[in-house]
Protein chains: 2
Amino acid sequence: MINDSDLSASLEDYLEAILILEKRNRVARVKEIAEALNVQMPSVSGALKVLRSRGLVHYEKNSYIRLTEEGMKVAKSIQDRHFALAGFLRKVLNLSADSAQDIACKIEHVITPELASRFRSLTQYIEDEVIANQMSRDSWEMLITGHQKNDSDN
Amino acid sequence: MINDSDLSASLEDYLEAILILEKRNRVARVKEIAEALNVQMPSVSGALKVLRSRGLVHYEKNSYIRLTEEGMKVAKSIQDRHFALAGFLRKVLNLSADSAQDIACKIEHVITPELASRFRSLTQYIEDEVIANQMSRDSWEMLITGHQKNDSDN
């Protein structure tokens, strides 16, 4: 069983990119992965060999790439952490969708699934209890950013 | 004017370590920095040369190291982000002090001072409004972790 923490941040990015491409096109290609991660094709080939040696992807030279069952499990766990963080950054800390995506991509590699779930509980509490019942979204934005609306993103 | 974002995460760690050592001993030494960051002494010398070339530290071979005024400003900004994150992770997400320090060290490099300040506002709101007025700390821990107390850290 591969533990997420055995993978470098960059290998995690590869698995996540393959998951997204598989969802979109059923399979992933080296060229598409290179474009998605903004890296050179030889770097992709190198990473795929490591991922294959760990049993996380099916990959033969010049063929399509698919996640193995284990690779799918790891990729989904990373994506799950990503969603938890991006939701928190956007809904609670009032970042723009783009900034939230960007920062979530960087933080997702350093948190455990358990911590991601705490971020999710916090987001849910702020959305369902605080913003719905105790103050308007504008007031929440002002409380968090210290600014009036329209000046709310960094 | 050096912008924080011009520095790699590892150079930021050096400045932070020098700040802590200066506070403790008035000056920092290569050996102490190497111990604090768990790196070899030649790596420290290399990093100090880069920091010196950017006007962030005073450093001559075999002498003490001190932050310049600009270096102090950058180091304090990093430390400020670190405190904001560690406080949030401990008080709001209920991590142990050690886990909070550890994760804050990794995240502090990817967030802006503005985002750190939003984390601080959120922590203050949860501490002052939610935990003080609306529920006990135990109830908050249970809400965030989904566990009873004593099973609250990851």
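**Two chains, A and B: questions and answers**

Trainee: How many salt bridges does the rule find across the interface of chain A and chain B?

Mentor: A salt bridge needs a side-chain nitrogen of Lys or Arg within 4 Å of a carboxyl oxygen of Asp or Glu. Across the interface of chain A and chain B, the number found by that rule is zero.

Trainee: What kind of model is this?

Mentor: Residues count from 1 along each chain as its sequence is written, with chains lettered from A and ligands numbered from 1 in the order in which they are written. Side-chain values use heavy atoms, without hydrogens and water; local features need pLDDT of at least 70, side-chain atom pairs count only at pLDDT 80 or more, and totals for chains, interfaces and linings use all residues, for this model is predicted.

Trainee: How many residue pairs are in polar contact across the interface of chain A and chain B?

Mentor: A polar contact is a pair of N or O atoms within 3.5 Å; within protein, one must be able to donate a hydrogen and the other to accept it, and residues adjacent in sequence count only if both atoms are side-chain atoms. With both residues at pLDDT 80 or more, the number of such pairs between chain A and chain B is nine.

Trainee: Which helix gives the largest share of the side of chain A that touches chain B?

Mentor: Helices are DSSP runs (H or I, at least four residues), numbered from the N terminus. The elements giving two or more residues to this side of chain A are H4, H5, H6 (113–134) and H7 (137–145). The largest share, 10 residues, comes from H6(A).

Trainee: How much area do chain A and chain B bury between them?

Mentor: Buried area is the accessible area (1.4 Å probe) that two parts lose on being put together, summed over both. Carbon and sulfur atoms carry 69% of it here, and the total is about 2,400 Å².

Trainee: Is Asn94(A) buried or exposed?

Mentor: Asn94(A) sits in the loop between H4 (69–92) and H5 (97–107) of chain A. Its phi is positive, near 65°. Buried means under 20% relative accessible area, exposed over 50%, partly exposed in between (1.4 Å probe, protein chains only). Asn94(A) has 9%, so this residue is buried.

Trainee: Is Asn38(A) buried or exposed?

Mentor: Asn38(A) lies in the loop between H2 (30–37) and H3 (41–53) of chain A. Phi is positive here too, near 60°. The relative accessibility is 72%, so Asn38(A) is exposed.

Trainee: Which residue forms a salt bridge with Glu114(A)?

Mentor: Both partners lie in H6 of chain A, four residues apart, about one turn of the helix. The closest N and O atoms are 2.9 Å apart, and the partner is Arg118(A).
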